[in-house]
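Hello,

Here is the structure we talked about handing over. Please open it alongside this message, and then read the notes below.

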Amino acid sequence: MTYEETKQKLAEFMEYGDPDAASKLVAEYNLPAIALFEESIQNFTEKTIQKHLSNVIFFLNEYSTYYDACTFEDAWKSLDDFFGYFFIRKCMWSTPATIKSTAASIKKFYKCMVDNQLFDARAYDMLTTHIKENMPIWQDECEAYNNFDEDYDFGDF
């Protein structure tokens, strides 16, 4: 199924209130890209491969179907929400370090997609610039959220 056909089908699933079908379609659509990514990192240790894969699969197939199903070509547009809100509040394992390592995995994935002409190089440049500019903010917000105390104004988020 092409990108356009998949987008159309996802819109239909979401319109008719079938998020499970949308999630399944996203996972199926993303599978070849994830397999290509896995192949591209085969020189890494098994532990590193599994970490990158789990980070990317979580972002693409879990988060990207949580609110509004989208394929890997569009998922990157939600990085601010993912790192600045969802990851910090919904993932018990979120720390400033896991934000950085997850962002590294996502950058590696999209670089692989660019190298295989499955993702636009200009979009990749925007993605990496956005991550670089916002990383300190996301990490600070995570640190503050994880070290909540009574003096902290929860309304700041």
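**Cysteines and helix packing**

C112 is buried, with a relative accessible area of 5%. Please keep in mind that this is a predicted model.

C112 is in no disulfide, and the nearest cysteine sulfur, in C70, is 19 Å away. For C142, the closest cysteine sulfur belongs to C91 at 9.7 Å, which is too far for a bond. C142 also counts as buried, at 0% relative accessibility.

Next, the helix packing. Helix α6 (residues 96–115) packs with helix α7 (residues 121–146) at an angle of about 175 degrees, and their axes are 9 Å apart. That angle makes α6 roughly antiparallel to α7, because angles over 145 degrees are placed in that class. On the α6 side, the contact is made by P96, I99, K100, A103, K107, Y110, K111 and V114. On the α7 side, the residues include Y124, L127, I131, W138 and C142. The residues of this contact divide into 12 nonpolar, 2 polar and 4 charged.

Last, helix α5 (residues 79–90). Which of its residues are buried? They are L79, F82, F83, G84, F86, F87, I88 and R89. What covers these buried residues includes α3 (46–62) and α4 (72–75), as well as α6 and α7.

Regards

How values were computed: Residues numbered from 1 in each chain as written. Predicted model: local features only at pLDDT ≥ 70, side-chain atom pairs only at ≥ 80, totals over all residues. Heavy atoms only, no water. Axes fitted to C-alpha atoms, helices over the stretch in contact; angles between N-to-C directions. Helix = DSSP H or I, 4+ residues; strand = E, 2+ residues; numbered from the N terminus. Parallel < 35°, antiparallel > 145°, perpendicular 65-115°, else oblique. Contact = heavy atoms within 4.5 Å. Nonpolar A, V, L, I, M, F, W, Y, C, P; charged D, E, K, R; others polar. Disulfide = S-S within 2.5 Å. Buried < 20%, exposed > 50% of the residue type's maximum accessible area, 1.4 Å probe, protein only.
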